[in-house]
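Student: I have a new structure to look at, and I would like to learn how to read it. Could you guide me through some of its features?

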Amino acid sequence: MNEQTVARHWVAAALPKAAPAIATTTVLALARIWNANGAEHSVGNALLMAVLSAGAAAAGVVAGTATGDSVLVGTAFAASGALAFAGVAGYSDGLPLPLLLWSLATAGAYTLAARYWRHDRRETVAYERQANERREEYAHIERVETLRATTQVEVVRVGAAYAEQLAQALVARAALPGFDPTALERAGLPELAANRGETES
């Protein structure tokens, strides 16, 4: 049972680990672009982001009580935090506060992501262990069946060789001078097929 081994590119392997930092950096960059285009000290824009953030948080609470789906709840609260972060980064006039919030948001995102990574790692290890056990079991069954088939073929081959040798011995013995098939019958040995044919005729 041969399985193709595919080596992942290092970028594909590192991308999930970089996703939280990429997400928070993207939100920071978009918020600062929004800040430069009129959101700085705009109370209306800040209120809009606060309402959106509160709505996303409320959606997370409702999803948690209604469905209990942790992924949906986590997504809703992540959206709420991103909207609040974008609102503060877009409203403030300097970079220190947005950078502080960015560092806190990135650390929080990695803290939450580490929990899911550990869970995924546990599931992957369990799946690989089960796959290895199934592979070893199938390999053992395949070896046993191969041995059994080889043994059966060998038994048939030895039996055929023995039957051929017995037939040759009977033919050779029947060709000897003074061979008496009736002596075999008197001794209790089976009658030869050729002799039986002669008797019946």
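Student: Let me start with one side chain: is tryptophan 117 buried, partly exposed or exposed?

Tutor: Keep in mind that this is a predicted model. Buried means under 20% relative accessible area and exposed means over 50%. Tryptophan 117 comes to 25%, so this residue counts as partly exposed.

Student: Which ring pairs with tryptophan 117, and how are the planes arranged?

Tutor: The structure holds 1 aromatic pair. Its partners are tyrosine 110 and tryptophan 117, with ring centres 6.1 Å apart. Planes over 60 degrees apart count as edge-to-face; here the angle is 65°, so this pair is edge-to-face. Tyrosine 110 is partly exposed too, at 29% relative accessible area.

Student: What lies over the face of tryptophan 117?

Tutor: That is lysine 17, at 4.1 Å from the ring centre. Likewise, arginine 115 sits over the face of tyrosine 116, with 5.9 Å to the ring centre.

Student: Now the overall picture: how many helices and strands does the protein have?

Tutor: There are 6 helices and 0 strands.

Student: Which residues of α4 are buried?

Tutor: Pro98, Thr106, Ala113 and Ala131. Their cover includes α1 (10–39) and α3 (70–91). Across the 201 residues of the protein, 14% are buried.

Technical notes. Residues numbered from 1 in each chain as written. Predicted model: local features only at pLDDT ≥ 70, side-chain atom pairs only at ≥ 80, totals over all residues. Heavy atoms only, no water. Helix = DSSP H or I, 4+ residues; strand = E, 2+ residues; numbered from the N terminus. Buried < 20%, exposed > 50% of the residue type's maximum accessible area, 1.4 Å probe, protein only. Contact = heavy atoms within 4.5 Å. Phe/Tyr/Trp six-rings, centres within 6.5 Å; stacked < 30°, edge-to-face > 60°. Lys NZ or Arg CZ within 6 Å of the ring centre and 35° of its normal.
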